[in-house]
Amino acid sequence: MRYNNVYFCIMEIDLSKIKSPADIKGFNLDQLNLLSEELRAVLIRKLAAHGGHVGPNLGVVEATVALHYVFDAPKDKIVFDVSHQSYVHKMLTGRIEAFISPEDYDKVTGYTSPSESEYDLFEVGHTSTSISLATGLAKARDLQGGKENVIAFIGDASLGGGMALEALNYAPELKSNIIVILNDNQMSIAENHGELYTHLKELRDSNGASSNNIFKALGYEYIYVKEGNDLRSLIKAFREAKDQKRAVLVHINTMKGEGLPVAETNKETFHFSAPFDAKTGALLNMDSSETYVDVFVKTILDGIRKDPKLVLLTAGTPGAFGFSPAHRAEAGKQMVDVGIAEQDAVTMSAGLAKGGAHPVMGVVSTFLQRAYDQLSHDVAINNLPASFVVFYGGMFGMNDVTHLGFFDIAMISNIPNITMLAPASAEEYKAMLELAMDNSEGPLVVRTPGGALVSQKEPVNKDFTKYVKIEDGSDVAIIAEGAFLPFARKAAALAREKGVNPMVVNPRILSNVDEEFLDGLKDFRMIVTVEDGIIDGGFGQKVSTYMNRYGVKTINLGIKKEFVDRYDVKDFFKANSLTPEQIAEILVKG
């Protein structure tokens, strides 16, 4: 689908002079079309050089221009679901320099942020929240006698999340102005899953006229826009929805990646991308080294071939753990994608385990937060042998404030019945994945290490409840999990240069301590724990609690309990006393 704009005169628009939506209110349709083309060109240039969410933003250029042309933000309240499609919104609300000047590229986040602008209402980066947030804004408005429009801008993928469906059900009950703009580009991050999307296709195929309409059944006035990248059609629909005194849903049919051929053709690849060549789509500065994700893919596919009861689950993010369309096809019926609905995936894992299957769910650390109750209530209380492999945990993962991955150890390891493991090498990781695939004991979580892949020559001790001594030492011990074990070894080497001989220990298990091993350290002067997560509630505090009985000084190193945004990893190490040099100083001086 593509709508070709036709211009009747030659115009130029100085994007640097657009400081707010008021600056486009007087534009005619030709100027708005030209504005959209120029915004798209600038967007492609920045995304190719800098990386970011490509397809979601290119697909809503016209919709965002129309949104700000018709509505009166910030008086009218606009909530973007996930907000990874808000780049054009930022360009129209005083932040254009961050898109046209390379030296300013990093001055804005990839998501809405109230600290940047009054036009951004929430820090939000997780899916399916916009309608709930909008219902709250609308209710607050009604209680205070306000008249502004409240708009939730949500994608078809987000609409399939449980929270979105809950809010979609409730919003018409307000019986006042609330507008849901459904951006239907027929894609999640990967392909959509669920019968809801069959229904959306029926609406698209009937040009919105099908009598089988879930939105009308729920009480919405329904408006369909066939050409969702056509400004004239969008403006007409948004004007019709504006200022109504009831719930309205505007269903717009858009093209993900519109205007960039490689993104239109490769929608999944260009949902989010590192810097790339805009003509060929080739990624720039790619590292071809083997990764832990590669180990995961090979190990799980081997398991699927051998075990017909093995089921790999994902909540809409198969690419996060390396499962390409070809890998998904190979897995066939033994792979389940429930869409962006982590709660469903976790509880479905419980049902699979109870039914005699072997479920393994791959999940991004920050998104697993959304299913805490299901982990605790449905999996752990029932002590079911469901396995979960966590990706992008710790400080090596995503660094946007809405996507931080270093809370998972504290969150998961303190739920009873759950065993949480942290491998420190590719060989340990593979062994733990094999345990996860053949799990029959109870809930198991394997945390994929961050950073570069590390190999070990020694055979893997497969009793993962036991700590492993990596380097012998006396008087002082350093117990470092996962990606920080190499840091600990380097710190120990530096400490030995200053006359201290630390023992280096790989704990491997984060949910319990190896009491027998720790008993052997009762005469040590000091123990230092190092973890790739927040200190509060982490595995180090479990070690400290146990060693208190012996009066052994224990120092816990990890991350401060705080929200941070777009940190530099090296600076973050230093700020949290986690460089090898800083750890060595602690080992020496205590």
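Q: Which residues have the most contacts inside the largest nonpolar core?
A: Phe-296, Phe-323, Ile-412, Tyr-429 and Leu-521, in a core of 75 residues. A nonpolar core here is a set of buried Ala, Val, Leu, Ile, Met, Phe, Trp, Tyr and Cys residues joined through side-chain atoms within 4.5 Å. Buried means under 20% relative accessible area, exposed over 50%, and partly exposed in between, with a 1.4 Å probe and protein chains only.

Q: What sort of model is it, and what pLDDT do local features need?
A: It is a predicted model: local features need pLDDT of at least 70, side-chain atom pairs count only at pLDDT 80 or more, and totals for chains, interfaces and linings use all residues. Residues are numbered from 1 along each chain as its sequence is written, and side-chain values use heavy atoms, leaving out hydrogens and water.

Q: What is Ile-412 in contact with?
A: Leu-368, Leu-375, Val-390, Ile-418, Met-420 and Val-445, leaving aside neighbours within four places in sequence. Contact means heavy atoms within 4.5 Å.

Q: Which residues does the second, separate core include?
A: Leu-34, Phe-71, Met-91 and Phe-153 are among its 57 residues. In soluble globular proteins, nonpolar side chains tend to be buried together.

Q: Where does Ser-413 lie?
A: In the loop between α18 (408-412) and β12 (419-421). Helices (H or I, at least four residues) and strands (E, at least two) are DSSP runs, numbered from the N terminus.

Q: Is Ser-413 buried or exposed?
A: Buried, at 4% relative accessibility. Not counting residues up to four places away in sequence, Ser-413 touches Asp-408, Met-420, Leu-510, Ser-511, Gly-537 and Lys-542.

Q: What does the side chain of Ser-413 reach?
A: The backbone oxygen of Ile-409, at 2.6 Å. A polar contact of 3.1 Å also joins the side chains of Ser-413 and Lys-542. A polar contact is a pair of N or O atoms within 3.5 Å; within protein, one must be able to donate a hydrogen and the other to accept it, and residues adjacent in sequence count only if both atoms are side-chain atoms.

Q: Switching to rings. How many aromatic pairs are there in the whole structure?
A: A search finds 23. Rings of Phe, Tyr and Trp (its six-membered ring) pair if their centres lie within 6.5 Å; planes under 30 degrees apart count as stacked, over 60 as edge-to-face and the rest as tilted. Phe-215 and Tyr-222 are stacked, 6.0 Å centre to centre with 5° between the planes. Phe-215 is buried at 0%, and Tyr-222 is buried at 11%.

Q: What about Tyr-546 and Tyr-550?
A: That pair is edge-to-face, at 6.4 Å centre to centre and 70° between the planes. Tyr-546 is buried, with 7% relative accessible area, whereas Tyr-550 is partly exposed at 32%.

Q: Which residue lies over the face of Tyr-546?
A: Arg-549, at 3.9 Å from the ring centre. The charged end of Lys-46 sits over the ring of Phe-99, 4.2 Å from its centre. A charge sits over a ring if NZ of Lys or CZ of Arg is within 6 Å of the ring centre and within 35 degrees of the ring normal.

Q: Last one: which residues of α8 are buried?
A: Ala-164, Ala-167 and Leu-168, in a helix covering residues 162-170. Seen down the axis, the buried residues of α8 fall within an arc of 105°, so they line one face of the helix. The arc is that of the directions from the helix axis to the C-beta atoms. The face turned away from that buried side carries the exposed residues Glu-166 and Asn-169.
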